Amino acid sequence: MVDTDLHGAAPVEEAAADPAPPITSRFLFVDVAAQRAKQLRRGALPRVERHASGPHKLERLAMEEVRRQVIQYTVPTGYDGKGTPV
């Protein structure tokens with residue numbers, strides 16, 4: 001994941017301008033969302049607006065950010081999306 005400030009989050013305007021590539025593997029989705037939830041628990045600013053009817057748990061918020069493609073990530077070499085090295 002790409003960190004752009006001290007808290008690990010880019011401003012909402014900057015994140016929305018350059019969407020991340022879509023995630024087609026559910027295993028990669030879980031990995032990226034888990035890393036993002038960890039950043040949010042450590043104080044990173046959310047990249048999507050939080051509404052009263054939206055998710056309250058940081059894990060759900062992280063999944064919503066990944067679904068909206070506002071989270072930039074990099075895939076390690078040898079990663080096949082199933083958790084096993086190639």
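## Residue E49 and the loop

With a relative accessible area of 60%, E49 is exposed, because that value is over 50%. The model discussed here is predicted. E49 belongs to the loop that runs between α2 and α3. Its C-alpha atom is separated by 9.8 Å from the C-alpha atom of E65, and the two residues are 16 apart along the chain.

## Overall make-up

The chain contains 3 helices and 0 strands. Read from the N terminus, the order of its elements is α-α-α. Of the 86 residues in the chain, 29% are buried.

The chain exposes about 5,900 Å², and 56% of this area is supplied by carbon and sulfur atoms. When contacts between residues at least 6 apart in sequence are taken, 65% of them join residues at least 24 apart.

Nonpolar side chains tend to be buried together in soluble globular proteins. In this chain, the largest nonpolar core has 15 residues, and the ones with the most contacts inside the core are V32, L40, V66, I71 and Y73. Two helices, α2 (26-41) and α3 (58-67), each supply at least two residues of this core. The largest share, 6 residues, comes from α2.

Which residues does V66 touch, leaving aside those up to four places away in sequence? V66 touches I23, F29, V32, A33 and I71. Two of these partners, V32 and I71, are listed with V66 among the core residues that have the most contacts inside the core.

## Packing of α2 and α3

Two packed helices are described by the angle between their axes and the distance between the axes. For α2 and α3 the angle is about 125 degrees, and the axes are 8 Å apart. The crossing of α2 and α3 is right-handed.

On the α2 side, the contact is made by F29, V32, A33, R36, A37, L40 and R41. The α3 side contributes L58, E59, L61, A62, M63, E65, V66 and R67.

Helix α2 includes L28 and A34. Is L28 buried or exposed? L28 is buried, because its relative accessible area of 14% is under 20%. L28 and D80 are 52 residues apart in sequence, and their C-alpha atoms are 8.8 Å apart in space.

A34 is partly exposed, because its relative accessible area of 40% lies between the cut-offs of 20% and 50%. The C-alpha atom of A34 is separated by 9.8 Å from that of R60, a residue 26 places away along the chain.

## Backbone at Q69

Most residues other than glycine have a negative phi. Q69 has a phi near 60 degrees, a positive value in a residue other than glycine. Q69 sits in the segment after α3. With a relative accessible area of 27%, Q69 is partly exposed.

Terms used: Residues are numbered from 1 along each chain as its sequence is written. This is a predicted model: local features need pLDDT of at least 70, side-chain atom pairs count only at pLDDT 80 or more; totals for chains, interfaces and linings use all residues. Side-chain values use heavy atoms; hydrogens and water are left out. Helices (H or I, at least four residues) and strands (E, at least two) are DSSP runs, numbered from the N terminus. Buried means under 20% relative accessible area, exposed over 50%, partly exposed in between (1.4 Å probe, protein chains only). Contact means heavy atoms within 4.5 Å. Accessible areas come from the Shrake-Rupley method with a 1.4 Å probe; for residues, only the protein chains shown count as cover. A nonpolar core is a set of buried Ala, Val, Leu, Ile, Met, Phe, Trp, Tyr and Cys residues joined through side-chain atoms within 4.5 Å. Axes are lines fitted to C-alpha atoms, for helices over the stretch in contact, and angles run from 0 to 180 degrees between N-to-C directions. A crossing is left-handed if the near helix is turned anticlockwise from the far one by less than a right angle, and right-handed if clockwise.
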